[in-house]
Amino acid sequence: MADITIDKACCKGCDICLSICHKKIFVRSKKRNNYGTNMPEAVNRDTCVFCGMCERLCPDGAINVRKTEEDKEK
Amino acid sequence: MNELYEKYIKKESLPTLFCPGCGNGIVQFAAIKAFEKMGIKDDLACVSGIGCSSWIPCYFKMDVMHTMHGRALPFAEGLKLSRPDKKILVFSGDGDCLAIGGNHLIHAASRNIDLTVIEINNYIYGMTGGQKSPATPEGSVTKTSPFGSYDEPIDGCSLVAAAGGTYVARWTTAHPVQLEKAIAEGIRHKGFSFIEVLTQCPVQAGKNIFGEKSPVAMMARYKEMTYIYKEGMEIPEGKVRIGKIKHDTSRKEYTEKVLQKLEEKNIKKGQSNG
C-alpha cells in the first residue's frame with residue numbers, strides 16, 4: 001500500500017488532486033487545513049500506480065507519495 | 001510536505017502567498033524537479049521582477065534576486081556577465097515580461113545571452129486586481145477594459161523567436177512533465193531560452209476572462225485550446241501552439257563574445273582598462 005501523506009500546513013484546499021487522480025484515491029474530508037478550507041483524504045491507497053501526477057500538480061507541494069517495502073517487492 | 005520541497009524550499013516562509021489553485025506552484029514544482037534531475041542546485045541563481053509569478057524563486061534555498069518591476073532581465077544580464085559560471089533563471093510574468101520589461105526582453109533575445117527566461121502567462125494582472133495585460137485575449141472584459149478588450153494580444157514566443165532568441169517553447173500547467181523537460185533543456189541550451197507557460201489564475205482571470213473559477217476546469221480548457229504542431233499538419237483555427245517552437249544552436253553566445261574581446265585586448269576580468 002502506497003504511503004500517501006497530505007501536509008496540513010501546506011494544503012489550501014484547491015481540489016486539483018480530487019479530479020486529477022485517475023484512480024480516485026483522494027476524497028473530500030471534513031478535516032480542516034491551516035488555511036481554513038476542507039482538505040482531501042487519501043483512501044483506496046492500494047490502487048495507486050505511482051504516476052506522480054498528484055505530486056506534480058499540487059500547487060503547494062502538500063502531497064508526498066512514497067513506495068513502501070511491500071510495493072518495492074512487487 | 002513533499003520530499004523535494006523539503007530540500008529546495010525555505011520552510012520558514014511557507015505557506016506560499018499564492019491563492020488556492022494557482023498555477024505558479026505547479027511551475028515551481030516543475031522547476032524543482034528539473035533541478036533535482038540535473039543535480040545543479042549549487043550552480044544556479046534566480047532573478048525575478050514584480051508580480052505574482054515573480055514570487056516563485058523567492059522560496060528557493062539558493063541565490064535569488066527580487067528586483068524592480070520589469071527590470072529582471074537587465075539584472076540577470078549583469079549577473080551573467082560578472083559570473084559566467086552560474087546558470088541563471090529568470091521568472092517573470094506576462095506584464096513584467098511583455099509590458100513593462102518588453103524592451104529589455106527584445107534586447108536580451110537579440111544579444112542571445114545565456115539566460116533561461118520562464119514567462120508565466122496568466123492573461124491578466126493578477127496581483128493588482130485584474131487589469132488588462134498585453135496577453136489578454138480580444139473581447140475579454142476586465143477592470144480596465146469594461147467594454148471588452150480591443151487590443152491584439154502580444155505573442156511572447158513569436159516576439160522572442162523573431163528578435164533572435166535561440167530556444168523557444170510553450171507549455172501549459174496541464175503538461176507538467178513536458179514543462180519540466182523544457183526547463184531542463186532550456187538550462188542546458190547555450191543561448192537565450194524562452195519558455196512560456198500558460199497558467200491558470202482562478203481568482204482574477206477565472207472571474208474576468210474565462211468565466212469559471214475552478215482551477216481544474218481552467219486546466220482542462222488549456223488542454224482543449226492548445227495543439228502540438230507536427231510536420232505536415234493542418235493548423236487548427238483559434239488554437240494556441242504549444243511544444244518546442246524554435247531550437248537553433250548556430251548563433252554565438254554573448255558572454256563568450258565579451259570574454260573573447262577582453263582576451264584580445266589583454267584585459268583580465270574585473271580589471272579596468274587604463
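This is a predicted model: local features need pLDDT of at least 70, side-chain atom pairs count only at pLDDT 80 or more; totals for chains, interfaces and linings use all residues.
**Empty spaces inside**

- Rolling a probe the size of a water molecule over the atoms shows where empty space is left.
- The count here comes to three cavities of 30 Å³ or more.
- The largest cavity has a volume of about 90 Å³, and 14 residues line it, with A:Cys11, A:Gly13, A:Cys14, A:Cys17 and A:Cys58 the closest to its centre.
- Sorted by class, the lining of this largest cavity has ten nonpolar, one polar and three charged residues.
- The second largest cavity has a volume of about 70 Å³, and its lining residues include B:Lys80, B:Asp114 and B:Ile187.
- The lining of the second largest cavity has four nonpolar, one polar and four charged residues.

**Nonpolar cores**

- In soluble globular proteins, nonpolar side chains tend to be buried together.
- The largest nonpolar core here has 55 residues, and those with the most contacts inside it are A:Phe26, A:Ile63, B:Phe35, B:Phe60, B:Phe91 and B:Ile183.
- Helix 2 (residues 24–38) of chain B gives the most to this core, with seven residues.
- A second, separate core has 20 residues, including B:Cys97, B:Leu105, B:Ala109 and B:Phe194.
- Leaving aside neighbours within four places in sequence, A:Ile63 has contacts that include A:Phe26, A:Cys17, A:Cys58 and B:Asn2.

**A helix with a buried face**

- In helix 3 (residues 72–82) of chain B, the residues B:Ala72, B:Leu73, B:Ala76, B:Glu77 and B:Lys80 are buried.
- Seen down the helix axis, these buried residues fall within an arc of 130°, so they line one face of helix 3 of chain B.
- An α-helix has 3.6 residues a turn, so residues three or four places apart point the same way.
- Among the elements of chain B that these buried residues pack against are strand 1 (44–48), helix 4 (94–100) and helix 10 (254–264).

- Most residues other than glycine have a negative phi.
- B:Asn112 has a positive phi, near 55°, and is buried, with a relative accessible area of 0%.
- A:Phe50 also has a positive phi, near 60°, and lies in the loop between strand 3 (38–42) and helix 2 (53–57) of chain A.
- A:Phe50 counts as partly exposed, at 28% relative accessibility.

Terms used
Residues are numbered from 1 along each chain as its sequence is written. Chains are lettered from A and ligands numbered from 1 in the order in which they are written. Side-chain values use heavy atoms; hydrogens and water are left out. On a 1 Å grid over the protein atoms alone, a cavity is a set of points where a 1.4 Å probe fits but cannot get out, and a pocket is an open set with protein on both sides within 12 Å along at least five of seven lines; lining residues have an atom within 4 Å of a point. Grid points are joined across faces, edges and corners, and a volume is the space filled by probe spheres set on the points. Ala, Val, Leu, Ile, Met, Phe, Trp, Tyr, Cys and Pro count as nonpolar, Asp, Glu, Lys and Arg as charged, and the others, Gly among them, as polar. A nonpolar core is a set of buried Ala, Val, Leu, Ile, Met, Phe, Trp, Tyr and Cys residues joined through side-chain atoms within 4.5 Å. Buried means under 20% relative accessible area, exposed over 50%, partly exposed in between (1.4 Å probe, protein chains only). Helices (H or I, at least four residues) and strands (E, at least two) are DSSP runs, numbered from the N terminus. Contact means heavy atoms within 4.5 Å. The arc is that of the directions from the helix axis to the C-beta atoms.
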